[in-house]
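Subject: Structure handover

Hi,

Here is the structure I promised you. Please open it and keep it beside these notes.

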Amino acid sequence: MTPLSEEQLIKRRETRRQQILEAALKVFAQRGLHGAKMSMIAEEADLSAGQLYRFFESKEELFVTLIRQVAEETAQEMERIYEIPGSPFDKLHIFTASILKEESTQYPFKLIQHANSAEDVPTEAKQLLEHFSVKRYIDRLLPLFEEGQQIGDFAQGNARQLISAFLTILSALITLNMPTDDDHQLPDADILMRIVAGPRVQER
């Protein structure tokens, strides 16, 4: 068997590292830092514990690394809303539906919410999250809402307060662990969007 080149070894290591981060994201999002164990992450990544520890010495180090990556990716995802075709209302509706549709899409948001609320989160992770506060998300969505208000897509009033209310409810839906059945279903994107809908949308 031909030995792997240095470039191939680096690529393989980076692929394995990303595999670990994806597994850790799922485990931390579902269990939190306190409830997660390195053995769980190794199992989710289909690796041995020994292989996992070659990349990260502790779950705290892995958690901080993941927070750094997820916080930046989440902020970038908020920017991509402007690339979605359609009116401001359509952009927000598509963005919201994509988050609520798949549980895996919610993992980054669940992780950040856990990191913001849990007491056992490493100081470095808390410091990283200071740069990705709710205010930053509101700032990123503000131009979209202001444009939407001008054309009647969104309800009138203080745009920042409207965004804050919307994000609060969206966050609650992401983290809510409530059983559902035929008589009780969690609100979908269509219902959530009614909270911010303006007169132009209501006339459709």
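First, a word on annotations: UniProt positions are given in the numbering used here, feature names are shortened, and annotations may be inferred rather than shown by experiment. This is a predicted model: local features need pLDDT of at least 70, side-chain atom pairs count only at pLDDT 80 or more, and totals for chains, interfaces and linings use all residues. Residues are numbered from 1 along each chain as its sequence is written, and side-chain values use heavy atoms, with hydrogens and water left out.

**UniProt regions**
The unreviewed UniProt entry puts a "DNA-binding region" at residues 37-56. That stretch is 60% helix and 0% strand. Its end C-alpha atoms are 13 Å apart. Helices (H or I, at least four residues) and strands (E, at least two) are DSSP runs, numbered from the N terminus. The unreviewed entry also lists "domain: HTH tetR-type" at residues 14-74. Here the chain is 82% helix and 0% strand.

**Confidence**
pLDDT is the predictor's confidence in each residue, from 0 to 100. The chain averages 85, and 92% of the residues score at least 70. Helix 2 (residues 38-44) has the highest mean among the elements, 93. Helix 6 (residues 103-117) has the lowest, 79.

Best wishes
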